[in-house]
Amino acid sequence: MTAAGVIAAVLLLAVAAYTCAGGTDYGAGFWDLTAGGAERGKRPRWLIDHAMAPVWEVNNVWLIFVLVIMWTGFPEFFQTVFSSMWLPLALAAIGIVLRGAGFALRKPTRRIAGRRVYGAVFAVSSLLTPFFLGAAAGGIASGRVGPGTEPTAHAWFNPTSVFFGLLAVVGTALLGAVFLAADATRYEAPDLHAYFRRRALVALAVFAVLGAVTLIVAHGDAPHLWHGLTHGAGLVLLIVSVLATLVTAWLLLRPSGAWSRPAAVVLMGSAVLAWGVAQRPYLIPGRLTVAEAPGAPSTLHWLIVVTVVAAVLVFPAVALLYRLDTRGELEPLTDADLRGGGPEREG
């Protein structure tokens, strides 16, 4: 494999990592938005605040890594994507900033009106940001952008982009619900476990239906993507994603819901990898190949070195943080604490 191929593989893995890690946070925001009024949504929002607090900032490490790899490893690809689809990507960037500000400022704000404003900013941004990121990915997957493409709405608002955006929203909602259900179990809050487990099952069903419809849409709207997903390695990864969907559903139907988190991560990760592999040898199907887009050879070699250093120093630290968080060792929270801050259990 060439240096450009190695960097392209690293870029795809980083996108998958951000989808799973950052997507979980976006999903928590989705459920914050749909939790209901102040009293009805008090307990779910209390859990969301405590579950997200230790890791929501570190999840953006993956996004930064994606941008660095794109910018330095494939500058023409970076320029093409960000110039032709600047509007959805700018809206996504604004959403990321507002979402972080809303989450950080909601909890310490004492006035009810202020908390509602910050909460609304956090929740709405958590819905819109993944949609715009997914829409931009759809513009890439359908080959509607390329070197010299003028920025138009058609580049990111087309059938493939719309369904990619919807898949991103529902997929993040699925991840958020699965992880929050597990967090509720860890905090010994069985009512919240049942609450989020039901929502995870609904999101999983919607995601499966949307995925099937998106594949049908791709047949006519993104033929190269369709061919890649129905042949070779892309098909294998798509089958893995389908199997992970079934396994996740089975695990969520069990009372304990144990191991549903890794199953959901495999589902989303394999879906993203299937998309990337299906585009080979293109970064943008029909418009820009991996071989045509790389930066200087010396830059690629240094990127490989930086990736190895990150794999040795940064990634294990992030993995340890995730492990400590999932085991509840970063911010203890008792069921009494939850019950003291929220309404009565659901029946």
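Helices, for this talk, are DSSP runs of H or I with at least four residues, and strands are runs of E with at least two. Counted in that way, the protein before you has 13 helices and two strands. Please keep in mind throughout that this is a predicted model.

Let me begin with the overall form. The radius of gyration is 20 Å, close to the 20 Å that the globule rule gives for 347 residues, so the protein is as compact as a globular protein of that length. Along the principal axes, the C-alpha atoms fill a box of roughly 60 × 40 × 35 Å. Of the 347 residues, 49% count as buried. The accessible surface comes to about 15800 Å², and carbon and sulfur atoms account for 72% of that area. As for contacts between residues at least 6 apart in sequence, 79% of them join residues at least 24 apart.

I turn next to the annotation. The unreviewed UniProt entry carries the label "transmembrane region" for residues 85-105, 117-141, 161-181, 201-220, 232-253, 265-282 and 302-322. Two of these spans may be described in the model. Residues 302-322 are 100% helix and 0% strand, with their end C-alpha atoms 28 Å apart. Residues 265-282, by contrast, are 78% helix and 6% strand, and there the end C-alpha atoms lie 26 Å apart.

My remaining remarks concern the aromatic side chains. How many aromatic pairs does the structure hold? The count is 12. Consider Phe78 and Phe82: their ring centres are 4.4 Å apart and their planes meet at 20°; because planes under 30 degrees apart count as stacked, this pair is stacked. Both residues belong to helix α4, residues 75-84, and, being four residues apart, they are separated by about one helical turn. Phe82 is partly exposed, at 29% relative accessibility.

Phe131 and Phe132 adopt another arrangement. Their ring centres lie 5.7 Å apart with the planes at 70°, so this pair is edge-to-face. Are these two residues buried or exposed? Phe131 counts as buried at 18% relative accessibility, and Phe132 is buried as well, at 13%. Ring pairs also join Phe131 and Phe132 with Trp156 and Phe157 in a cluster.

Finally, two arginines sit over aromatic rings. Arg199 lies over the face of Tyr195, 3.5 Å from the ring centre. The charged end of Arg254 is placed over the ring of Trp250, at 5.1 Å from its centre.

How values were computed
Residues numbered from 1 in each chain as written. Predicted model: local features only at pLDDT ≥ 70, side-chain atom pairs only at ≥ 80, totals over all residues. Heavy atoms only, no water. Phe/Tyr/Trp six-rings, centres within 6.5 Å; stacked < 30°, edge-to-face > 60°. Buried < 20%, exposed > 50% of the residue type's maximum accessible area, 1.4 Å probe, protein only. Lys NZ or Arg CZ within 6 Å of the ring centre and 35° of its normal. UniProt positions renumbered as here; feature names shortened; annotations may be inferred. Rg over C-alpha atoms; globule rule 2.2 N^0.38 Å. Contact = heavy atoms within 4.5 Å. Areas by Shrake-Rupley, 256 points an atom, 1.4 Å probe, with all protein chains shown as cover.
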